[in-house]
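Dear colleague,

I am handing over the structure we spoke about, with the sequence alongside. Please have both open while you read, as my notes follow below.

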Amino acid sequence: MPQEYEEFIRNIKMLTGIDLASYKEGQMKRRLTSLYEKRGYHSFREYYKDIQTCPGVLIEFLDRMTINVSEFYRNPKRWEVLELKILPGLLGSKKKLKIWSAACSTGEEPYTIAMMLSNLVPLSQIEILATDLDENVMARAELGIYPERSLTEVPEEIKREYFEKEGSFYRVNDEIKKRVTFKKQNLLADRFDRGFDLVVCRNVLIYFTEEAKSLLYEKFSASLNSGGIFFVGSTEQIFTPGKYQFETVDTFFYKKK
């Protein structure tokens, strides 16, 4: 069994990019054994054979492996502001925007931005950088397969245009996937790229100390062009935006001075 599990881990990494070895072995092995036994499989080898050949089995496996749960259009009113006010405002002065989705988790956020932008500019003009510290969630993001619950807030016309339904799961279409580049990054330790028009970092800063938050606000501010927008989560209001060369343009949206 140990050798068979190791073989399973290697195969999964080659197939999906997800490294099961980075999870606690005992816990992960129990979770997977319980899952495959429930589905009538008798070994990791037998289970992997169907993961490889049956999309439904692969998608169920991915769903169980994803610990970070996010969703498309999370807090829809804020996304409405982004779509109807912020993006058209930014596009008023340039045709192509430099956009960064920081701490992107399983990819719903950068794909949402790409879908919104597609209503305003040709797909060929959209390029979004998406970063996260966790390589496993980024591997899942690159696959672009999501359970139905992640699409609760997605408008029907967007769902029809940019997703392909596979059982009770949805796959982001390739045209949208091509617009997003995923890259590993440690927000606190790594240097930030510069010249962004829009930086989105939501529901992450709440986990940092006040000191770390202050450092990150400075780094995000420096990464933005003058007039660029910083979009934060609904519990992450910046109470002294001026300290970081920001001014409030809407709730949870800050413009770089």
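Leaving aside neighbours within four places in sequence, Leu133 is in contact with Lys184, Gln185 and Asn186. Please keep in mind here, and throughout, that this is a predicted model. Leu133 itself sits in the loop between β2 and α7, and its C-alpha lies 7.8 Å from that of Leu187, although the two are 54 residues apart in sequence.

To step back to the whole chain, the protein has 10 helices and 10 strands. Its radius of gyration is 20 Å, close to the 18 Å that the globule rule gives for 257 residues, so the protein is as compact as a globular protein of that length. Along the principal axes, the C-alpha trace spans about 60 × 40 × 25 Å. Of the 257 residues, 53% are buried, and the accessible surface comes to about 12,700 Å², with 48% of that surface belonging to carbon and sulfur atoms.

The strands next. Seven of them form an open sheet with mixed pairing, and their order is β6-β2-β1-β7-β8-β10-β9. At the edges are β6 (180–184) and β9 (246–250), each of which pairs on one side only. Direction ignored, neighbouring strands of this sheet are turned by 25° against each other on average. Within the sheet, strand β7 (residues 196–201) and strand β8 (residues 224–232) run parallel and are joined by five bridges; Cys201 stands opposite Val232 in β8.

Helix α5 (residues 76–91) lies across β7, β8, β9 and β10 (253–256), and runs at about 175° to β8. Helix α6 (residues 108–117) also packs on the sheet, where it touches β1 (99–102), β2 (128–132), β6 and β7, and its direction makes about 150° with that of β1.

There is also an open sheet of three strands, in the order β3-β5-β4, with antiparallel pairing. Here β3 (145–147) and β4 (163–166) stand at the edges with a single partner strand each, so one side of each is left without a neighbour in the sheet. Four bridges pair β4 with strand β5 (residues 169–172) in the antiparallel sense, and Glu166 stands opposite Phe169 in β5. Helix α7 (residues 135–143) lies across β3 and β5, running at about 95° to β3.

Finally, which residues of helix α3 (residues 44–53) are buried? They are Phe44, Tyr47, Tyr48 and Ile51. Seen down the axis of α3, these buried residues fall within an arc of 100°, so they line one face of the helix.

Definitions and conventions: Residues numbered from 1 in each chain as written. Predicted model: local features only at pLDDT ≥ 70, side-chain atom pairs only at ≥ 80, totals over all residues. Heavy atoms only, no water. Buried < 20%, exposed > 50% of the residue type's maximum accessible area, 1.4 Å probe, protein only. Helix = DSSP H or I, 4+ residues; strand = E, 2+ residues; numbered from the N terminus. Arc of directions from axis to C-beta. Pairing = 2+ DSSP bridges. Axes fitted to C-alpha atoms, helices over the stretch in contact; angles between N-to-C directions. Contact = heavy atoms within 4.5 Å. Rg over C-alpha atoms; globule rule 2.2 N^0.38 Å. Areas by Shrake-Rupley, 256 points an atom, 1.4 Å probe, with all protein chains shown as cover.
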